[in-house]
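Here is a short report on a predicted model with two chains. Look at the sequence and the fold first, then read on.

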Amino acid sequence: MTAPVTAASVALDGGVLAAEDVVHGPDAAFVPSRGFWGHVGHRLVRDPVAMGAGAVILLVVIIAVLSPWITPMDPYKGSMLRRLKHVGDATYWLGSDELGRDMISRLMLGSRLSLFIGVTPVLIAFVIGSCIGILAGYVGGWTNTILMRTIDVFFAFPSVLLAIALSGALGAGIFNSIVSLTCVFVPQIARVAESVTTGIRKRDYIDAAKLSGASALTIMRVQVLGNVVGPIFVYATSLISVSMILASGLSFLGLGVRPPEPEWGLMLNTLRTAIYVNPVVAALPGLCIFIVSIAFNLFSDGLRAAMEIRQ
Amino acid sequence: MLLYILKRLVYVTPVAFGVSVVCFLLVHLAPGDPLSAVLPADATQATIDEMRAAYGFDKPLPVQYLIWLWHVLHGDLGVSIATGRPVLSEVSRAVVNSLILASVATVIGFTFGTLFGFVAGYHRNSVADRAASALSVFGVSVPHYWLGMVLVIVFSATLGWLPPTGAGPDGSGNWRPDFDHLRYLILPAVTMSVIPTGIIARTVRALVADILAQDFVEALRAKGMDEFGVFKHVVRNAAPTALAIMGLQLGYLLGGSILVETVFAWPGTGFLLNAAIFQRDLPLLQGSILVLAMFFVVLNLLVDVMQTALDPRIERA
């Protein structure tokens, strides 16, 4: 009886077997292969769209990290005399906002909070959702039924509605917006984790691990986690773009970041009053959200293709 | 078929129950007492206790839930704190406006989505295919509240062709199907249609390509059927899934319209939710979310039943 071989199972089996080979001695003619992740990396590098998207993400991350030191002007210092300067101004390269603050400096510093509130919920949800999904999928039975039917309830809410309902009830603030978005993504990731785990539960290598006397926890940690983490991770990366749009959307509504902190969604909201005076400057923060969101989507698509996971 | 519908109903009941629990608990998630927004800051303890008793907040949570559920099942969603009007009438007025907007957006999305999807599916790796792929990535990546702003900038602020906000020239909260009101609908509907356009285009493209690769299509062509005949077969095979996606998108749009409605000041549920949140009008918040979530649950059920009815290949498990 042979289990069907998938990219993910090859992945981790490959890794585990390689380690065992070393233990069993040098007599086998062992040629170190590139390994699963090596192959994924190799395919990813040859995908120009994914690489371009990755470069954009990297650039934004670098700007976000370095922004406190590299902004050309003070992002908080305004001047009522120099409000809403146009793009291409000699002093304000990308214009100035409704309080006369330098746009490019605020956009650069804004990338910090926008990335933080967009990526953090997906990271937390990736951890919590994977745990719930793997537990439900591996243990099965009543545990599965109870966990997954509870998850179903959250699927009865469209994500935008759930995010706004939760952060509306919790009140405005960065922490609350991260909590609400995490609650939105946990069920989605848990459902994927559960279905992937259920898919490998009956595989031979799980039986083998059981027969060798490994405890359920060890099997979940080594055999199961190793084999399911790839597909769950790819799914999680595809959520980052949605998360960024929603997180900035919450700030746009006044439910996330509070002024005067620069954040793209919030900047977009405060600049709405300026669309008749200086439309280009007013649209800039949204353009930033769009660029980062599309970069994450394209990179995630590339990663999925490289890992040969069907949508 | 009837048995299948009954089974689906049995399955939906616990979900609907769970949704009601979540909506009920929302109010209790709020920091502090749910009454703190209503009471004056210098209220005496006696007033607070009296109010708590009047609203039933002195009872244990499960009892409060059952009382609330009883009222909800009788169509009583409570009274809005801000306006003093019943929540149900506020919500139902807003739902009509949101439904108009979401339906028009879905129709636009479905029309363009299927069009692009069919062209792309028929001509794989052509320019049209690339355009359809780009469109679907654009649709799911663009922050729609920003797109709304950009459309207002272009078509209202710069060109002056269409009104930027509101639902009608009289500033009233009710949309009517005439030319003047139609102009107000165009920008928000187009903004909202971008997401379903992208998603439907991607789905239909995959469906059409999949169907065209099947043996029966080759058999149809081999027996001499013309392309239009084959096309009709493709449509019939793709329709159940495409329609199901369209139904679900309508639900997502209705629930997710808050951002777009805020940009365009469209007097729908999103606008109502926004007001409820910032006036800390918790009964209104709870009621609107319950109505929207239940609508989504029912819509999901209808889509499932419809898809099964249209496509006999789906197992009625």
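## Burial and fold of chain A

Chain A has 311 residues, and 46% of them are buried. A residue is buried if 20 or more other C-beta atoms lie within 10 Å of its own, exposed if 12 or fewer, and partly exposed in between; the C-beta atoms are placed from the backbone. Chain A has 11 helices and zero strands. Helices (H or I, at least four residues) and strands (E, at least two) are DSSP runs, numbered from the N terminus.

Contacts tell us about the fold. Two residues are in contact if their C-beta atoms, placed from the backbone, lie within 7 Å. Take the contacts in chain A between residues at least 6 apart in sequence: 70% of them join residues at least 24 apart.

## How to read the model

This is a predicted model: local features need pLDDT of at least 70, side-chain atom pairs count only at pLDDT 80 or more, and totals for chains, interfaces and linings use all residues. Residues are numbered from 1 along each chain as its sequence is written, while chains are lettered from A and ligands numbered from 1 in the order in which they are written.

The pLDDT is the predictor's confidence in each residue, from 0 to 100. Its mean for chain A is 81, and 88% of the residues of chain A reach 70 or more. Residues 1–28 of chain A have a pLDDT below 50; beyond near neighbours in sequence, this stretch has 26 contacts in the model. Where pLDDT is low, the predicted coordinates should not be read in detail. Chain B averages 82, with 90% of its residues scoring at least 70. The model as a whole scores ipTM 0.84 and pTM 0.83.

## Helix 9 of chain A

Helix 9 of chain A is mostly covered, with 27 of its 38 residues buried. Its end C-alpha atoms are only 46 Å apart. A straight helix would reach 56 Å at 1.5 Å a residue; the expected span is 1.5 Å times one less than the number of residues. Where does helix 9 of chain A bend? The bend is at L225(A), by about 55 degrees. That bend is the angle between axes fitted to the seven residues ending there and the seven starting there.

L239(A) also sits in helix 9 of chain A. Why does L239(A) count as buried? Because L239(A) has 26 C-beta neighbours inside 10 Å. Leaving out residues up to four places away in sequence, L239(A) touches V122(A), F185(A) and Q188(A).

## After helix 9, and an open helix

Just after helix 9 of chain A, G254(A) takes a positive phi of about 90 degrees. P260(A) is in the loop between helix 9 and helix 10 (264–270) of chain A. The peptide bond from P259(A) to P260(A) is cis, with omega near 5 degrees.

Helix 8 (residues 204–211) of chain A has eight residues, and the number buried is zero, so this helix lies largely in the open. G213(A) follows helix 8 of chain A and has a positive phi, near 95 degrees.

## The nonpolar core

A nonpolar core is a set of buried Ala, Val, Leu, Ile, Met, Phe, Trp, Tyr and Cys residues joined through C-beta atoms within 7 Å. The largest one has 156 residues. Those with the most contacts inside it include I189(A), L161(A), L285(B) and I289(B). Helix 9 of chain A gives the largest share of this core, 17 residues.

I189(A) touches several residues beyond four places away in sequence, among them A125(A), F126(A), I232(A) and Y235(A).

Chain B has 12 helices and zero strands. Buried residues make up 38% of its 317 residues. The C-alpha trace of chain B spans about 85 × 55 × 30 Å along its principal axes. A265(B) lies in the loop between helix 10 (258–264) and helix 11 (269–278) of chain B. A265(B) is not a glycine, yet its phi is positive, about 50 degrees.
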